There are 4 protein chains.
Amino acid sequence: MSREDHSVPAMSLTIKSVPIIMTNSHYMNTGHNKKTERRKNEQLARRKAIIKAAREVFFAKGFMSATIDEIADRCGLAKGTIYLYFKSKEELYISVMAEGMQRLRKEFEVLKKRPPGGNEFVESAFMAYYHFFKRNRKYFRIMFLSSQPDMRSRVPEEALRGCMEAARECLGIVRDLVQEGIEAGCYRKVDAWAVANILWATINGIIMAYEQDPIYREEIVGMELEQMLLQSLDLALEGLRLKK
Amino acid sequence: MSREDHSVPAMSLTIKSVPIIMTNSHYMNTGHNKKTERRKNEQLARRKAIIKAAREVFFAKGFMSATIDEIADRCGLAKGTIYLYFKSKEELYISVMAEGMQRLRKEFEVLKKRPPGGNEFVESAFMAYYHFFKRNRKYFRIMFLSSQPDMRSRVPEEALRGCMEAARECLGIVRDLVQEGIEAGCYRKVDAWAVANILWATINGIIMAYEQDPIYREEIVGMELEQMLLQSLDLALEGLRLKK
Amino acid sequence: MSREDHSVPAMSLTIKSVPIIMTNSHYMNTGHNKKTERRKNEQLARRKAIIKAAREVFFAKGFMSATIDEIADRCGLAKGTIYLYFKSKEELYISVMAEGMQRLRKEFEVLKKRPPGGNEFVESAFMAYYHFFKRNRKYFRIMFLSSQPDMRSRVPEEALRGCMEAARECLGIVRDLVQEGIEAGCYRKVDAWAVANILWATINGIIMAYEQDPIYREEIVGMELEQMLLQSLDLALEGLRLKK
Amino acid sequence: MSREDHSVPAMSLTIKSVPIIMTNSHYMNTGHNKKTERRKNEQLARRKAIIKAAREVFFAKGFMSATIDEIADRCGLAKGTIYLYFKSKEELYISVMAEGMQRLRKEFEVLKKRPPGGNEFVESAFMAYYHFFKRNRKYFRIMFLSSQPDMRSRVPEEALRGCMEAARECLGIVRDLVQEGIEAGCYRKVDAWAVANILWATINGIIMAYEQDPIYREEIVGMELEQMLLQSLDLALEGLRLKK
DNA sequence: CATGAATGAGCGTTCATTCAT
DNA sequence: GATGAATGAACGCTCATTCAT
């Protein structure tokens with residue numbers, strides 16, 4: 001059973017990874033009041049610990065069945081403390097999701113550094129997404145929740161934006177790949193942004209189908225996720241490719 | 001709603017096995033089980049009424065915030081009565097979903113009767129789905145819930161199968177269309193079932209994207225759903241089409 | 001569809017056992033309207049069937065957890081029908097109890113016909129009670145419920161009287177035995193009624209102890225019920241016996 | 001009560017491993033867990049208050065008709081708070097019972113300190129029990145519930161043991177009295193434990209008879225409880241006494 | 001009479017959230 | 001800040017009882 005490594009080596013706090021998550025960090029290294037700075041770090045660490053615990057519980061039980069009590073237990077904090085960091089269960093949820101999007105974004109980042117000249121533009125994005133999915137499968141299920149009206153109405157818009165931005169950046173990368181493909185004369189002259197969105201949606205749609213009940217997956221779809229994705233990639237490429 | 005249920009009187013009574021169970025012996029085969037038949041109809045109607053109310057409440061509030069109390073109020077029944085027809089909130093949910101799938105399936109049915117000779121195979125399915133979506137938009141949101149583990153674990157498998165079957169039939173229709181396209185020499189020789197699933201997933205993925213927060217829809221995707229679907233159709237067709 | 005399902009060996013109704021249970025039987029055998037008489041019999045049979053079913057369910061589940069639904073199912077009647085015969089769950093309960101007391105009384109009746117001259121007066125009552133207990137163990141548990149205030153407040157006094165009368169008769173028989181013992185010169189000149197009550201209470205108390213949690217029975221009392229009863233009999237006899 | 005918990009601020013930070021788990025690090029061994037101690041006391045008091053309220057409601061309404069709402073109201077707590085202290089209505093019930101047994105045990109304790117030389121061994125126990133009963137009459141009714149199968153199956157075994165132990169201790173005291181009587185040459189050489197159990201059961205049986213419906217008490221038993229107990233004591237003593 | 005669908009008050013219980021310490 | 005006891009509204013659900021058929 002492939003492990004999903006949301007462990008967070010904790011190390012990460014000391015390194016650059018922090019600024020990514022940190023949204024509310026307006027502390028400047030003027031050298032002065034260390035105490036405050038130390039505090040900030042502690043708080044940040046705590047915040048991450050809570051998100052980690054929440055993620056684990058949400059993954060194990062689902063959002064609806066998860067309880068703040070269990071999350072608090074799991075990170076060794078008091079229930080009240082959770083509310084010091086997150087206004088509601090829903091904000092906690094969105095934060096877990098945001099963190100997942102950040103991870104994905106980070107993995108997508110490498111696509112930007114592709115050596116020029118290769119011609120698997122879209123393929124690489126497909127694969128990057130697929131590999132992320134394999135290691136973070138459970139994120140997807142809870143992501144599908146974010147469209148629920150009772151979730152959305154309770155999620156602070158600002159927290160949501162964090163997710164969105166990450167998604168936008170990923171899509172931007174895909175768009176760039178498509179654009180490169182066009183410019184390299186491989187792809188037809190399509191609207192790269194639209195295609196990026198379509199590819200993105202396609203993968204999500206396929207994954208969603210696979211996260212349905214096993215009955216659906218086995219008796220209806222009846223083929224492995226990887227195969228399905230590859231065929232879908234094939235179809236898309238065929239649609240994109242410029243025919244001489 | 002004109003009832004014609006004085007229909008066929010005795011029939012069932014001619015079967016011996018009945019008397020054993022029967023305790024309520026005193027009405028004879030005179031005008032006979034009018035009562036029973038009427039009952040059946042009433043029950044069916046009530047069931048539908050409950051599903052309708054549930055649908056409305058689920059749509060308005062979301063599954064999590066919906067309450068049985070409100071559903072009961074909305075269809076003018078007592079709370080206990082709801083539980084006479086549905087074992088749990090989750091079963092009610094799945095029944096709403098099943099009903100939605102039935103509707104979709106019914107609309108897809110017409111695709112089967114397409115006059116031969118036309119060549120918009122996949123287009124017609126896309127459009128059928130899209131039109132259904134426009135009129136039943138809110139179904140989709142709640143459908144996305146069915147992948148939640150805490151939902152699935154509480155939904156009676158049998159009720160789920162109802163949904164699945166309808167979905168399978170729709171997919172079958174799409175596959176047939178693809179197959180026709182292949183046989184008509186319009187499409188490449190692809191795995192029609194896989195392609196049907198991919199198309200299906202693509203549309204769902206796109207819809208899901210649009211059912212995300214408006215921020216996502218407006219600021220990120222930034223184009224109308226219809227456009228997006230059309231472009232996606234275009235891409236898919238291009239991918240399917242046989243090039244001379 | 002002629003059904004003759006007043007089945008019920010019915011026999012039983014024709015014999016003497018009836019008058020005992022029957023409280024509301026003012027039908028005289030004037031020969032006329034047989035129909036009515038048949039009805040009466042049917043009703044009586046139904047009543048007994050319900051009590052039987054109730055007994056089984058009360059025994060299996062306990063009064064609190066028993067449901068009218070299950071009782072109705074078990075005797076193949078509709079729930080509403082139960083309420084035609086018994087005003088409430090509590091009346092049903094008391095009727096089960098009354099029926100148990102009638103049984104006990106019937107078994108005690110034989111003590112009245114003891115051949116004169118024997119000298120095991122009290123012993124025979126002890127043993128009769130004990131044997132009844134062994135075969136009707138579960139009656140006792142539910143009997144202990146009758147002292148609950150929320151039971152009593154809902155039991156129609158009239159139904160209760162049925163129980164009481166049977167108990168009184170049993171006690172009367174015990175008193176007579178004690179009296180015989182006194183007159184035979186075996187026992188001291190005690191108040192026979194009081195002693196009868198004391199003996200009765202003693203046995204009930206012992207049985208109650210045994211119907212407590214097994215922990216109590218095994219870890220605390222620590223001896224077999226039969227032994228305990230015998231020792232208790234021994235003690236009582238020793239107390240009663242006239243010493244020369 | 002001066003709290004000194006602004007104590008030592010950073011501390012915990014110096015230890016590396018700590019921050020992860022340690023959450024409540026900030027109060028050191030100064031005047032120290034005064035807080036905790038106060039809490040403990042408060043909790044104990046609350047627990048007692050709840051038991052008191054429950055007792056009152058159970059006594060007034062009976063277990064079945066009692067509601068947690070009423071119990072909560074009566075002790076001025078929220079319903080949820082009750083569940084912080086007791087897992088279920090049944091646990092509350094058993095706790096009320098346990099508390100009653102503790103009281104009885106405490107009253108029995110004095111019997112242990114009887115000045116030697118007296119010869120009313122069993123009498124004193126009878127009387128202690130009787131006096132307890134007079135002041136705590138209503139306990140007995142609800143005690144009779146504990147033999148109900150649907151009660152027992154829902155009572156946490158551990159809570160039950162509390163009751164049992166108290167009962168066992170009382171019985172132990174009675175046994176000792178009997179034993180003393182034997183050793184003092186007053187009583188026959190009987191099995192003291194069995195006799196203790198028999199006496200106990202006898203009193204309980206008598207009390208149960210008196211807690212039946214008033215009809216039973218008045219029309220059947222027809223004598224005062226005290227008289228009955230005295231006669232029963234008399235009978236038992238007569239049975240125990242060593243005859244020259 | 002018998003039925004059984006409908007009722008609906010009421011249940012025990014949960015848990016996100018608050019707030020005094 | 002951190003705590004965790006307290007809250008109490010809301011929950012899903014039950015079931016004795018009624019009543020139209």
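Between chain B and chain A the count is five salt bridges, a salt bridge being a side-chain nitrogen of Lys or Arg within 4 Å of a carboxyl oxygen of Asp or Glu. In one salt bridge the side chains of A:Asp213 and B:Arg152 meet, at 3.6 Å from N to O. The model is a predicted one, in which local features need pLDDT of at least 70 and side-chain atom pairs count only at pLDDT 80 or more, while totals for chains, interfaces and linings use all residues. Residues are numbered from 1 along each chain as its sequence is written, chains are lettered from A and ligands numbered from 1 in the order in which they are written, and side-chain values use heavy atoms, with hydrogens and water left out.

B:Met64, B:Ile220 and B:Leu235 supply 13% of the area that chain B buries against chain A, more than any other three residues. There are also 21 residue pairs in polar contact between chain B and chain A, both residues being at pLDDT 80 or more; a polar contact is a pair of N or O atoms within 3.5 Å, where within protein one must be able to donate a hydrogen and the other to accept it, and residues adjacent in sequence count only if both atoms are side-chain atoms.

Chains C and D form another interface to examine. In it, 56 residues of chain C are in contact with 57 residues of chain D, and the two chains bury about 5300 Å² between them, 64% of it on carbon and sulfur atoms. Across this interface the rule finds five salt bridges, and C:Glu219 forms a salt bridge with D:Arg161, the closest N and O atoms being 3.1 Å apart. The rule also finds 21 residue pairs in polar contact across the interface of chain C and chain D, both at pLDDT 80 or more.

Within chain A, the domain assignment gives domain 1 (6–86) and domain 2 (88–244), the bounds coming from an automatic or database domain assignment. Of domain 1 of chain A, 20 residues are in contact with 18 residues of domain 2 of chain A, and the area buried between these domains is about 1700 Å², of which carbon and sulfur atoms give 74%. The count between the two domains of chain A is one salt bridge, and A:Glu99 forms a salt bridge with A:Arg55, with the closest N and O atoms 2.6 Å apart. The largest share of the side of domain 1 of chain A that touches domain 2 of chain A, seven residues, comes from α2(A).

Definitions and conventions: Contact means heavy atoms within 4.5 Å. Buried area is the accessible area (1.4 Å probe) that two parts lose on being put together, summed over both. Helices (H or I, at least four residues) and strands (E, at least two) are DSSP runs, numbered from the N terminus.
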